[in-house]
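Student: I've got a model open and a few spots I'd like to talk through. Can we go over them one by one?

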Amino acid sequence: MPFLAAALDRVKPSATIAVTDKARVLKAAGRNVIGLGAGEPDFDTPDNIKQAAIKAIQDGKTKYTAVDGIPELKEAIIAKFQRENGLSYKPNQVIVGVGGKQVLYNALMATINPGDEVIVPAPYWVSYPEMVALAGGEPVSVVCTAEHGFKLQPQALEKAITPKTKWLILNSPSNPTGAAYSKAELKALTDVLVRHPHVWIMTDDMYEHLVYDEFVFTTPAQIEPSLLDRTLTVNGVSKSYCMTGWRIGYAGGPAQLIKAMATIQSQSTSNPCSIAQWAAVEALNGPQDFIPKNNKIFKERRDLVVSMLNQASGIECPRPEGAFYVYPSCAGTIGKTAPSGKVIENDEAFVTELLEAEGVAVVHGSAFGLGPAFRISYATKTSDLEDACKRIQRFCGNLR
């Protein structure tokens with residue numbers, strides 16, 4: 001009898017974590033490596049948020065909390081949803097988890113039965129299909145090409161829906177492409193969903209505030225209020241508030257679903273860290289003026305990376321609307337020979353040879369469901385980005 005669970009056969013390790021770990025190992029060995037794999041802002045957590053955490057410790061707020069979040073944080077989340085998204089929730093319709101990933105995972109675990117299908121537009125965050133598989137469901141990948149801005153088209157959504165479809169997972173702005181859906185694009189998708197009342201919508205809005213060029217963010221339940229009762233709107237403080245390590249995510253949704261998710265959480269992790277929850281209260285209720293300041297820098301970095309990558313032989317890099325990723329095609333390099341003598345047969349070979357030859361760590365696009373491409377996170381200091389892009393230009397120029 002095998003010791004490990006058969007469910008592990010259905011999932012793969014995270015490619016984004018793998019490339020970050022490999023870059024760390026090479027750095028530790030003395031290699032000059034620029035890691036562009038991690039989706040983590042290089043900006044520090046704002047001081048007022050840090051001070052709120054320190055005060056929580058000093059005030060003795062270090063005990064267990066309610067499984068699904070302290071009342072004060074729930075109220076801050078409710079106020080945020082109303083203020084920024086025009087969505088109204090009650091405390092029993094809100095849950096706080098250990099990062100957005102746990103919120104998504106708990107929702108799938110609480111709702112998926114064997115054979116249930118979940119539509120996952122590709123390119124997708126690497127964890128979506130794996131979480132669906134762990135929950136016993138069937139991820140249904142729908143390819144969204146660069147021609148359509150890496151965005152799900154209503155006709156493709158309509159075609160993918162079957163009687164077994166339980167969820168659509170929609171991430172805007174997107175990890176890995178940075179693509180963001182306009183109001184009109186979302187309306188076209190919600191029109192399809194209105195016609196299929198058995199399909200629920202899980203919207204991952206983690207990069208909500210990271211948008212550029214006057215882009216206006218909206219979320220599906222805001223566009224089509226009739227979908228509110230079958231939409232889980234997921235968000236968190238990790239990206240916009242530079243709080244990745246604090247591990248606080250949250251969601252608003254129907255009370256019955258939220259209760260089921262809390263049941264899963266109560267028998268797994270229990271409550272998120274009490275101190276991190278108080279820091280998140282300050283993040284949501286406190287000053288927001290640092291976000292546009294950070295975004296200005298992110299936009300400058302995006303424009304630098306897009307410009308420099310488009311000067312690399314065999315690379316084509318679209319300009320994304322949001323997040324802090326670019327998703328360039330490396331199709332023009334396939335079939336060429338690297339300085340090592342190895343042939344670039346696919347995007348995984350491209351990123352492997354790039355790391356070996358130039359010490360630049362990026363993630364291959366096939367891990368996100370669409371290649372040949374690669375993802376770069378530009379949430380790192382500008383000088384490193386410029387150096388990395390020069391190395392990519394040199395690597396591509398040396399391909400034969």
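This is a predicted model: local features need pLDDT of at least 70, side-chain atom pairs count only at pLDDT 80 or more; totals for chains, interfaces and linings use all residues.

Student: Is Thr219 buried or exposed?
Tutor: The cut-off for buried is under 20% relative accessible area. Thr219 has 0% relative accessibility, so Thr219 counts as buried.

Student: Which residue's side chain makes a polar contact with the side chain of Thr219?
Tutor: Leaving out residues up to four places away in sequence, Thr219 touches Asn85, Leu87, Leu186, Thr203, Asp205 and Thr233. From that list, the side-chain to side-chain polar contact, at 2.7 Å, is with Asp205.

Student: On to strand 5, residues 165–171. How many of its seven residues are buried?
Tutor: Strand 5 pairs with strand 3 (residues 117–122) in the parallel sense over three bridges, and with strand 6, also in the parallel sense, over five bridges. Strand 5 is mostly covered, and the number of buried residues is six.

Student: What handedness does the β-α-β unit of strand 5, helix 7 and strand 6 have?
Tutor: Helix 7 spans residues 183–194 and forms the unit together with strand 5 and strand 6. The β-α-β unit is right-handed.

Student: Now the cavities. Which element gives the largest share of the lining of the largest cavity?
Tutor: There are two cavities of 30 Å³ or more, and the largest has a volume of about 120 Å³. Its lining has 14 residues, with Pro121, Pro123, Tyr124, Asn171 and Ser174 nearest the centre. Strand 3 and strand 5 each supply at least two lining residues, but the largest share, three residues, comes from strand 5.

Student: Last one: how far apart in space are Ser238 and Cys389, C-alpha to C-alpha?
Tutor: Ser238 is in the loop between strand 7 (231–236) and strand 8 (249–252), and it counts as buried because its relative accessible area is 4%. Beyond four places in sequence, Ser238 has contacts that include Pro41, Met206 and Arg247. Ser238 and Cys389 are 151 residues apart in sequence, and the C-alpha to C-alpha distance is 26 Å.

Notes. Residues are numbered from 1 along each chain as its sequence is written. Side-chain values use heavy atoms; hydrogens and water are left out. Buried means under 20% relative accessible area, exposed over 50%, partly exposed in between (1.4 Å probe, protein chains only). A polar contact is a pair of N or O atoms within 3.5 Å; within protein, one must be able to donate a hydrogen and the other to accept it, and residues adjacent in sequence count only if both atoms are side-chain atoms. Contact means heavy atoms within 4.5 Å. Helices (H or I, at least four residues) and strands (E, at least two) are DSSP runs, numbered from the N terminus. Two strands pair if DSSP finds at least two bridges between them. A crossover is right-handed if, with the strands pointing away from the viewer, the path from the first strand over the helix to the second runs clockwise. On a 1 Å grid over the protein atoms alone, a cavity is a set of points where a 1.4 Å probe fits but cannot get out, and a pocket is an open set with protein on both sides within 12 Å along at least five of seven lines; lining residues have an atom within 4 Å of a point. Grid points are joined across faces, edges and corners, and a volume is the space filled by probe spheres set on the points.
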